[in-house]
Amino acid sequence: MVSYQEAKRIMKKMNKNRGHSPQAIERFQRVTNSFMITLAKEIENGMAKDIGRGSRVNAIHVESAFGRILLGGIDNDDI
């Protein structure tokens, strides 16, 4: 889970002069957590169905899943 402080730091990093309400930071925190769950599910969906040797998740699997999400190739019901 992304902490409140981490969410605030990330948002502030984009524009140090902009203020953020506590509600905006909390919402950002929630949707970020939902996105991470969606990404993890998409990584698993893209993996081979075997669970034995050779089924390790590598960086390419993460990149591919992220690309599928960005291109709208998944159902975003979890967000």
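Which residues form a nonpolar patch on the surface? F66, L70 and L71 do, with about 360 Å² of accessible area together. This is a predicted model, in which local features need pLDDT of at least 70 and side-chain atom pairs count only at pLDDT 80 or more, while totals for chains, interfaces and linings use all residues. Residues are numbered from 1 along each chain as its sequence is written, and side-chain values use heavy atoms, with hydrogens and water left out. The chain has three helices and zero strands, in the order α-α-α from the N terminus on.

**Overall fold**

- Helices (H or I, at least four residues) and strands (E, at least two) are DSSP runs, numbered from the N terminus.
- Of the 79 residues in the chain, 19% are buried; buried means under 20% relative accessible area, exposed over 50%, and partly exposed in between (1.4 Å probe, protein chains only).
- Among contacts with a separation of 6 or more, 50% are between residues 24 or more positions apart; a contact is a pair with heavy atoms within 4.5 Å.
- The chain has an accessible surface of about 6200 Å², and carbon and sulfur atoms hold 56% of that surface. Accessible areas come from the Shrake-Rupley method with a 1.4 Å probe, and for residues only the protein chains shown count as cover.

**Helix α2 and its packing**

- Helix α2 covers residues 22-46, which is 25 residues, and spans 36 Å from first to last C-alpha, close to the 36 Å expected at 1.5 Å a residue. The expected span is 1.5 Å times one less than the number of residues in the helix.
- The buried residues of α2 are I25, Q29, T32, N33, T38, L39, E42 and I43.
- These buried residues pack against α1 (4-14) and α3.
- F28 also sits in α2 and is partly exposed, at 26% relative accessible area.
- Beyond its neighbours within four places in sequence, F28 contacts A7, I10 and M11.

- Helix α3 has twelve residues and reaches 17 Å from its first C-alpha to its last, close to the 16 Å expected at 1.5 Å a residue.
- L70 belongs to helix α3 (residues 59-70) and is exposed, with a relative accessible area of 61%.
- F66, another member of the patch, lies in α3 and is partly exposed at 33% relative accessibility.
- Patches are built from residues with over 30% relative accessible area and no salt bridge; like charges are joined within 9 Å, and nonpolar side chains (Val, Leu, Ile, Met, Phe, Trp, Tyr) within 5 Å.
- Just after α3, G72 takes a positive phi of about 75°.

**Aromatic pair between α2 and α3**

- The structure holds one aromatic pair. F35 and F66 form this pair, which is edge-to-face, at 6.2 Å centre to centre and 85° between the planes.
- The pair links distant parts of the chain, with F35 in helix α2 and F66 in helix α3, 31 residues apart.
- Rings of Phe, Tyr and Trp (its six-membered ring) pair if their centres lie within 6.5 Å; planes under 30 degrees apart count as stacked, over 60 as edge-to-face and the rest as tilted.
- F35 is partly exposed, with a relative accessible area of 26%.
- Apart from residues up to four places away in sequence, F66 touches F35 and L39. F66 and L39 are 27 residues apart in sequence and 6.6 Å apart from C-alpha to C-alpha.

**Salt bridges**

- The whole structure contains two salt bridges, each defined by a side-chain nitrogen of Lys or Arg within 4 Å of a carboxyl oxygen of Asp or Glu.
- One joins the side chains of R68 and E42, at 2.5 Å from N to O. R68 lies in helix α3 and E42 in helix α2, so this pair ties together parts that are 26 residues apart in sequence.
- E42 is buried, at 9% relative accessible area, whereas R68 is partly exposed, at 28%.
- The side chains of E6 and R9 form a salt bridge at 2.8 Å from N to O. Both residues lie in helix α1, three residues apart, about one turn of the helix.
- E6 is partly exposed at 33% relative accessibility, and R9 is partly exposed at 43%.
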